[in-house]
Amino acid sequence: MTKPLSTNPRPTGINHPGLARRDFFRAVGVGGMAVSGAGLLSACGTEGTQGQETQEAEDVSSKEKVVNFSNWPLYIDTDDGGKHPTLVQFEKETGIKVDYVEEINGNADFYAKIRPQLSSGQPTGSDVVVFSNDWAARMIEEDFVQEIDTANIPNAKNLIASLQSPSFDPDRKYTLPWQSGLTGIGTNTKVTGREITSIEELLTAPDLKGKIALLTDMTDTVGLIMLEMGIDPEDFSQGEFDRAMQRITDAVDAGQVRQFTGNDYAPQLAKGNISACIAWSGDIIQLQFEDPKVTFAIPDAGGMLWSDNMQVPALATHKANAEKLMNFYYDPKVAAEVAAWVNYICPVEGAKEAMRDIDPELADNELIFPSEQTLSKVHGFMLPSWEEREKLVEQYTQTIGL
């Protein structure tokens with residue numbers, strides 16, 4: 001199993017997990033959706049498939065002891081030899097060989113890759129894929145995923161309460177979270193002399209003028225601004241969205257915003273080139289290994305909660321093996337091993353206690369194992385139909401000048 005982080009230093013810079021794994025979705029998420037997302041239907045030459053019956057293939061799991069797992073880079077425990085100890089353990093316990101491929105460099109990119117096969121009734125070659133909330137929702141909307149059999153995943157009962165009923169899959173029939181995370185405010189307190197805890201202060205404080213960054217990701221930036229304005233990001237009107245866009249425009253016009261970023265805010269925040277910014281919890285944990293003066297705060301008005309979700313694509317032929325894999329990773333001890341390496345929110349109840357045997361300090365980290373009090377302060381983002389969502393993305397893209 002993996003060593004505790006205190007004795008197994010993680011790679012630094014662009015290669016460490018919190019930075020690299022969300023590179024495309026978070027760094028180019030809006031631009032990627034505006035180009036790859038909005039153009040996907042025409043580029044693929046097919047119409048949307050909402051409402052068609054999900055295609056299922058014969059499950060050959062009993063004959064073929066293999067499961068093909070497509071995930072993001074650096075999003076699982078890894079030893080010094082490049083092996084993944086928990087996958088090795090799974091193979092030994094089940095006799096199922098895992099073909100683990102780190103091929104998801106972005107939601108839009110990977111969706112564009114597999115959509116032609118799915119829309120033409122062909123298998124993708126993957127039995128498990130990992131998509132972020134909105135793209136997992138799109139996979140469900142277009143009937144590109146199979147319903148998972150929870151009878152084969154008894155450990156699914158360990159899913160933490162805060163992730164049990166997302167709007168896009170309220171009964172978790174098609175998804176099971178791989179990891180989750182918070183969006184709030186990152187501050188270099190060596191530069192500011194204080195921790196920034198409100199979006200209003202971020203957008204207006206004179207000493208932060210020209211030294212803040214907002215994210216290119218629409219859901220997180222707009223969600224936090226809406227909360228500051230008293231708007232519910234999980235249930236808003238077009239007029240309320242317009243008001244949030246105007247708030248961003250006002251901050252840009254006032255010279256408050258240095259830039260809109262993806263994960264590339266992290267090194268800039270560490271250097272002090274950016275004083276404060278909207279940030280993801282896992283990235284800040286990584287920076288804190290080097291400098292505890294870099295802090296993360298859930299804004300006073302509330303923060304955002306997101307997750308990346310395992311799904312079984314339509315026509316996947318090793319569905320039962322995929323479900324055994326999901327069940328394995330919902331064992332609290334196994335989940336703790338992964339959390340010790342990736343440092344995002346662990347979605348598995350009981351993993352916090354298991355983490356105490358790996359790294360007690362991480363077990364008490366609110367950004368990995370948030371308390372009910374912390375979770376009561378965070379929100380999701382409304383997921384309308386993909387067509388409606390694309391219109392919001394386009395408006396946001398235009399507002400921030402991408």
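Visitor: How many salt bridges does the structure hold?
Guide: This is a predicted model, where local features need pLDDT of at least 70, side-chain atom pairs count only at pLDDT 80 or more, and totals for chains, interfaces and linings use all residues. Residues are numbered from 1 along each chain as its sequence is written, and side-chain values use heavy atoms, with hydrogens and water left out. A salt bridge is a side-chain nitrogen of Lys or Arg within 4 Å of a carboxyl oxygen of Asp or Glu. The number of salt bridges in the structure is 11.

Visitor: Which residue forms a salt bridge with Arg 115, and where does it lie?
Guide: Arg 115 lies in helix α6 and its partner in the loop between α7 (133-141) and β4 (145-146), so the pair ties together parts that are 27 residues apart in sequence. The salt bridge, at 3.4 Å from N to O, joins Arg 115 to Glu 142.

Visitor: Which residue is linked with Arg 115 and Glu 142 in a network of salt bridges?
Guide: Arg 115 and Glu 142 meet in a salt bridge themselves. The network has one further member, Arg 138.

Visitor: Within what arc do the buried residues of α19 fall?
Guide: Helices are DSSP runs of H or I, at least four residues, numbered from the N terminus. The buried residues of α19 include Trp 386, Leu 392 and Tyr 396. Seen down the axis, by directions from the axis to the C-beta atoms, the buried residues line one face of α19, because they fall within an arc of 140°.

Terms used
Buried means under 20% relative accessible area, exposed over 50%, partly exposed in between (1.4 Å probe, protein chains only). Helices (H or I, at least four residues) and strands (E, at least two) are DSSP runs, numbered from the N terminus.
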